[in-house]
Structure formats: structure tokens, C-alpha cells
Amino acid sequence: MSKNKYLFPLILVTSLFFLWAFLHNINPILIPHLKKACQLTDTQSSFIDSAVYLGYFLIAVPAGLFVHKYSYKKGIIVGLTLYALGALLFIPAANAHSYMFFLIALFIIASGATFLETIANPYITLLGDKESSAQRLNFAQSFNGVGAFVAPIIGGQVILSGIEHTPAELKNMSAGQLAAYLQSEANTVKVPYLIIGGLVILLILLFVFTRIPDVKEDDSAVDSHTAGTDFSARVLKHSHVSWAVIAQFFYVGAQVGVGSFFIRYSKFVADIAEREAAFLWGSIAMVGFMVGRFAGTFFMRYIDAARLLSIYAAISILLLIIALATHGNVALYAVMAVPFFMSIMFPTIFALGIKGLGEETKIASSFLVMAIIGGGVAPLFMGLISDKTGSIQMAYIVPLLCFVVVLYYGLKGHKVVKKAA
């Protein structure tokens with residue numbers, strides 16, 4: 001069978017990786033921005049991550065069932081439609097100056113992204129040799145890295161105003177001045193999200209008029225008594241799948257936690273202004289994340305994927321120990337170095353988790369995407385620690401502990417246990 005007929009669909013589906021990368025990596029901008037615009041605590045601002053990852057948790061299984069029953073193409077169109085709707089809802093949310101409205105809009109965007117991610121990850125692994133599935137998924141996710149560094153850089157410039165009033169200055173404002181200031185802060189999201197919604201609508205039209213082949217998984221590697229085409233938690237009986245779900249939960253918690261409070265962390269340890277911190281995160285940390293994806297794809301030619309995952313998890317733990325124990329530029333750059341080593345973790349855990357599953361791949365994919373709820377849990381604990389201790393730096397103990405679980409998965413949890421016939 002010629003591979004050329006899959007080339008354009010593969011390119012088109014790869015473009016979707018940018019969309020959920022943008023969603024996740026704009027949160028480090030939205031968290032301090034809406035904290036300021038809506039006058040929130042650190043715990044309350046962490047609900048931004050919770051809204052996004054709750055969408056993943058609740059929609060992952062329905063998305064998997066939908067794709068299983070219908071097709072990849074229809075699933076993509078549903079996902080893009082939800083994404084566009086949520087983006088456009090940012091405009092009335094800003095007009096209403098309602099934090100709850102913003103959270104609902106983010107939940108809808110995340111629901112669309114869940115469809116896209118549930119589809120794109122397994123789709124990429126199926127278009128080629130099984131042996132190179134982890135390498136191929138890492139390559140596709142390298143383009144996800146583009147969104148990872150573009151979002152905070154552009155978002156920091158067009159959403160963050162750079163105006164940071166002290167609590168005393170806010171207290172001295174009249175009620176009218178305070179209301180006008182807070183509304184002006186909320187309004188900065190309107191144009192960016194209007195543009196995003198428009199671009200996604202154009203992408204919907206492109207998918208509608210493009211033929212996307214519905215690739216079928218091969219059941220030959222799976223026992224006929226365990227291979228199911230109906231949704232079932234039975235797939236979790238494979239230990240490498242259940243451990244992948246656990247590892248993915250903690251990995252995403254670590255990834256989100258490290259980035260979401262970076263602007264607050266930068267102010268705390270090095271007195272860095274919000275726009276400068278956003279630029280540092282995008283231009284250094286997220287560029288490192290993108291480069292790490294390409295580097296990881298290269299290293300996997302010579303180093304086993306699980307071994308590389310273990311090495312990177314151990315290095316991330318060491319960097320966060322430094323981030324917790326020091327101040328100034330040493331602490332700042334320790335945190336900014338972590339994304340390089342996080343870069344391969346999600347796709348590697350994903351690829352190892354669906355290895356050898358045949359038609360059960362779609363269902364396992366749903367569970368692995370559902371595990372992304374970890375990204376809504378870890379920041380909540382970080383916010384609570386920060387509010388209780390008065391130190392956002394202390395909160396970084398949470399992602400450190402999450403990487404310990406990832407290290408275990410790379411060392412042992414990923415191994416496929418062969419069951420007796």
C-alpha cells in the first residue's frame with residue numbers, strides 16, 4: 001500500500017497538535033492575568049487549569065466512543081467546532097467580566113481539544129511501522145512544541161497589560177477607577193480569541209472538504225478473548241496500560257504545575273515583571289520544550305524510549321530540588337530547564353501505554369487522555385500550598401513528587417506483561 005496517500009492527511013492532522021498546545025500553554029498567561037482582572041487568590045486562579053483538564057476528564061471517554069462508532073474525520077470536525085465556540089465565548093465573558101463565564105468557555109475549548117487529542121495521538125502511531133510509533137509520535141508532537149512557545153510569547157504581549165498595581169494602589173482607587181481598570185484588563189482577551197475562533201472555523205472548512213482515511217488498527221497482536229471493540233475498562237487489565245494512565249496523570253500534573261505558576265514564581269524568587277517572565281517562559285523554556293521534542297526523537301534512535309524517559313524524569317527531579325532550595329537566577333533557570341526534559345514524556349508514555357493493543361488502542365487512548373485531569377489537580381494543590389505558606393516557591397514540591405511517579409513508570413511500570421494463553 002502506498003504511503004503517499006496518507007501524507008496530506010498526516011500533515012493536516014499534525015496541524016491539530018498546535019491547537020491543544022496553544023490551549024495548554026496560554027494558561028500560564030491567563031492565570032496571572034485573570035487573577036489580576038478578577039481579583040483572585042492563587043487557589044482560585046488554579047481553577048483555570050481545573051476547568052481545562054476537567055474537560056479532558058469528562059469528554060475523553062465520549063470522544064473515544066464517538067470516534068469508535070463514526071470516524072476520525074467526524075470526530076475532528078466535532079472537536080474543532082467546540083474549540084471555535086469556546087474561543088468566541090471569551091468575548092461575552094470579557095464583556096460580563098465574569099470569571100465563571102471564562103471557566104465555562106475554557107471548558108468548552110478543552111472539550112474540543114479532547115476530541116482532537118484523542119484522535120490525533122493514536123492516528124499518528126498507526127501511520128507507519130509499529131516499532132517506530134514512539135519516535136513518530138514524538139516527531140508529530142514536535143509541532144505541538146511550536147504552539148508551546150508561541151502561546152506564552154504572543155499571549156504575554158497581547159493579553160498581559162504590564163500594569164501591576166500594588167494592593168495599596170488598588171485600595172486607594174475609587175470604586176469607578178477600580179471597575180474601569182479591572183474591565184480594561186478583562187477586555188485584552190477579546191481580539192486574540194476572536195482571531196483564534198476565526199482561524200479554527202477556516203480549519204473546519206478545510207477538513208470538511210478534505211478526504212481523511214479511516215485507518216483501522218490491527219488486532220492480530222491481541223488475544224481474541226481480550227480484544228474488544230466495545231468500550232470497556234477491561235483494557236486496564238494490561239498492567240502497562242494501567243500504569244501508563246497513572247503515569248500520565250502525574251506527568252501532566254507536573255507539566256501544568258511547572259508552567260502555570262511560573263510568572264508568579266519568577267516574581268517571588270527573582271522579582272521579574274509579568275511580561276518579562278512570560279517572554280522568558282516562551283522564548284527559553286518553551287523553545288527548550290520544542291527543541292527537546294526533536295532532540296528526543298533523535299536520541300530514541302540510539303536509546304530505548306523507556307530508558308530515556310527514566311533519565312529525563314530523574315534530571316527533572318534534580319532541577320526542581322534546585323528550584324526549591326535556591327533563589328534568584330539559579331532557581332529561575334532551573335525551572336526553565338525542566339521543559340526540555342518534560343518534552344518527550346507525554347508522547348512516550350502514550351506510545352508505551354498503547355503498545356500491542358490492536359483495536360483496543362482507541363479505548364486505551366481515551367483513558368490516557370482522560371488521565372490528563374492530573375493537570376487540573378496538581379495546580380490546585382500548588383495554589384493551596386502557596387496561599388497557606390505565602391510561598392509559591394514551596395508549591396513546586398508538587399511537580400517534583402509527580403516526576404517520581406514518571407520515573408517509576410520508565411523504570412518498571414511500562415513493561416508489557418505477557419499473559420498465559
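Start by selecting Lys 35, Lys 36, Glu 164, His 165 and Arg 264: of the 17 residues lining the second largest pocket, these lie nearest its centre. A pocket here is an open set of points on a 1 Å grid over the protein atoms alone, where a 1.4 Å probe fits, with protein on both sides within 12 Å along at least five of seven lines; lining residues have an atom within 4 Å of a point.

Before you go on, know that this is a predicted model, where local features need pLDDT of at least 70, side-chain atom pairs count only at pLDDT 80 or more, and totals for chains, interfaces and linings use all residues. Numbering runs from 1 along each chain as its sequence is written, and side-chain values use heavy atoms, without hydrogens or water.

Helices are DSSP runs (H or I, at least four residues), numbered from the N terminus.

Now show the whole chain as a cartoon: you'll find 19 helices and zero strands.

Then head for the largest nonpolar core, a set of 128 residues in which Leu 16, Tyr 56, Leu 80, Tyr 193 and Tyr 251 touch the most other members. Such a core joins buried Ala, Val, Leu, Ile, Met, Phe, Trp, Tyr and Cys residues through side-chain atoms within 4.5 Å, and buried means under 20% relative accessible area with a 1.4 Å probe, protein chains only.

Last stop: which residues is Tyr 193 in contact with, leaving aside neighbours within four places in sequence? Select Ile 26, Leu 30, Ala 87, Leu 88, Phe 90, Ile 109 and Ile 159; contact means heavy atoms within 4.5 Å.

Methods. Buried < 20%, exposed > 50% of the residue type's maximum accessible area, 1.4 Å probe, protein only. Helix = DSSP H or I, 4+ residues; strand = E, 2+ residues; numbered from the N terminus.
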